[in-house]
Structure formats: structure tokens, C-alpha cells
Amino acid sequence: MCAGETKPMTNNSSTGGFLQPSPQFPAVPDGLTFQQFLQSVFAGISGLPGDLVRPAWQPEEPKQPDGNTNWLAFGLTNNEASDNAFVGSAVVSNQIVNVTQRMEDLEILCSFYGPLSQEYMQLTRDGFQIQQNLESLTLAGMGFVEARRGHRLPENVNGIWIDRWQMNFYLTRQILRAYPILTFLSASGTLTGVLDSGVVKNVDWNVTF
């Protein structure tokens, strides 16, 4: 183990200490990261080739396509969670588990470049209105909320103006986490009481939940 790393916690509610959840579910499909999942959604809805739908603000920026190429850069700019999470029990995979459930509002800035940037912006905006296009979001516990006003912001690259349109898209996401909080399966005991006659009375009890 490297310096600074922490040992994974295996505590549950019977051991005390901090609790860590199991992986968040429903998870994005096919083992993708959240950013990769968003890339697949915007590529599918916009109709742009996947390699021309790119995350914004990458640590090492790839070469920008030329001015005659239509492409899209997207980036999550705001994540606003509901004030209070629901904490309780839920049935997951036919098992009762203790969960927290919270809703998040996501703001995603999309920058469309190229001679058809406005058209691709409009295609993406309208594509989010088609139910079939939202199936992958639904499976990942997400939904479409709205798309705001588009803004034309041409960009000057090496003395050449490249057309660019920007629009904010708003999605909602359910965050559901299961924590290792054990539940009682059964309980038993003995109740002891004294009757008016002075006789001690014991009553055994057993309950299965």
C-alpha cells in the first residue's frame, strides 16, 4: 500500500466506525465512467461522430478540429443536490437493504463548433424531446429537464473566425447508495412478571421479521 492510501473499510453496523456504501446504483451501463456515459448520450442524440463529441477542459487538450468541421465539447458546470436525502429501506435485487436516496440537478454546458453548429445545437435540443432517445438516461436513473437559450459566441483561432453556439442542458439524476446496516431477522426473549397472587410468571416470546 502506498503512502497516503487508506485501507478499504469493511465495517458494518455491528462493528462500529465509519460506513462506506456499496457502488452507487443504478450505475451507468457497460462499465463506463459518468463522463463517458454523457459522451455517448450527446453523440447519439446530436448525430455527431463519437470522436467529435469531446469532454471540455481535458488535462491534455487534443488538437482542435479545423474550422470546417462540426463538433461538440461538453462539460458539467453545476451539480445541485436536494437538501435532504431519504434514508430508509428498499428492495434491491430481491433483497431488503438500507439506502440513502437523493436527487441531483446537473447543468451541462455544450459548445457546438463549425459551419453547422447552430443546426447541431437545435438537433440536440429537439432530440431530447424524443422518448426513445431518453431510454439510456432512464436506465441510469437519470432524466431530461430542459435546455436553455442558445448563445452565438464565435471563436477566433489564428485569425480565423470559427462559428460557435453554446447551450446549457439540464438533467436530473437519482443517487441511490446501499450501506451495510444490518437488519434484524428475528428476536426472542422472556418476559417476567409478578401476578397479584405473588406468583412469578415467565412468558417466552419469539418474533420473525
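Tutor: Let us start with threonine 124, which is buried, its relative accessible area being 0%; the model is a predicted one, and threonine 124 sits in helix H2.

Student: What makes threonine 124 count as buried?

Tutor: A residue is called buried when its relative accessible area is under 20%, and threonine 124 has 0%, so the label applies. Leaving aside neighbours within four places in sequence, threonine 124 is in contact with Phe42, Ile45, Ser46, Phe112 and Phe169.

Student: Which other residues of helix H2 are buried, and how do you know on which side of H2 they lie?

Tutor: Helix H2 spans residues 117–127, and besides Thr124 its buried residues are Ser117, Tyr120, Met121 and Gly127. Around the axis they cover an arc of only 135 degrees, and therefore they are on the same side of H2. An α-helix has 3.6 residues a turn, so residues three or four places apart point the same way.

Student: Why is a set of residues called a nonpolar core, and which residues have the most contacts inside the largest one?

Tutor: The name requires buried residues of the nonpolar kinds, Cys among them, joined through side-chain atoms within 4.5 Å. The largest such core has 27 residues, and those with the most contacts inside it are Phe42, Cys110, Phe128, Leu137, Met142, Phe169 and Leu171. Two or more residues each come from helix H1 (34–46), strand S2 (71–81), strand S4 (95–113), H2, strand S5 (142–147) and strand S9 (164–179), and H1 gives the most, with six residues. Another core, of six residues, lies apart from it and includes Leu52, Trp71, Tyr113 and Ile162.

Student: What does leucine 171 touch?

Tutor: Not counting residues up to four places away in sequence, leucine 171 touches, among others, Leu38, Ile108, Phe128, Leu137, Met142 and Val145, and also the charged residues Glu104 and Asp105.

Student: Which residues lie nearest the centre of the largest pocket, and what classes make up its lining?

Tutor: The largest pocket, with a volume of about 260 Å³, is lined by 19 residues, and Ala56, Trp57, Trp71, Ala73 and Tyr113 are the ones nearest its centre. By class, the lining has nine nonpolar, five polar and five charged residues. Strand S1 (53–55), S2, S4 and S9 are the elements that give two or more residues to the lining, and the largest share, four residues, comes from S2.

Student: Is tryptophan 57 buried or exposed, and what makes its phi worth a remark?

Tutor: Exposed means over 50% relative accessible area, and tryptophan 57 has 56%, so it is called exposed. Tryptophan 57 lies in the loop between S1 and S2, and its phi is positive, about 60 degrees, although it is not a glycine. Most residues other than glycine have a negative phi.

Student: Where is asparagine 158, and how do you know whether it is buried or exposed?

Tutor: Asparagine 158 is in the loop between strand S7 (155–157) and strand S8 (160–162). Its relative accessible area of 76% is over the 50% cut-off, and therefore asparagine 158 is exposed. Its phi is also positive, near 55 degrees, in a residue other than glycine.

Student: How many helices and strands does the protein chain have, and what share of its residues counts as buried?

Tutor: The protein chain has three helices and 11 strands, and 30% of its 209 residues count as buried.

Definitions and conventions:
Residues are numbered from 1 along each chain as its sequence is written. This is a predicted model: local features need pLDDT of at least 70, side-chain atom pairs count only at pLDDT 80 or more; totals for chains, interfaces and linings use all residues. Side-chain values use heavy atoms; hydrogens and water are left out. Buried means under 20% relative accessible area, exposed over 50%, partly exposed in between (1.4 Å probe, protein chains only). The arc is that of the directions from the helix axis to the C-beta atoms. Contact means heavy atoms within 4.5 Å. On a 1 Å grid over the protein atoms alone, a cavity is a set of points where a 1.4 Å probe fits but cannot get out, and a pocket is an open set with protein on both sides within 12 Å along at least five of seven lines; lining residues have an atom within 4 Å of a point. Grid points are joined across faces, edges and corners, and a volume is the space filled by probe spheres set on the points.
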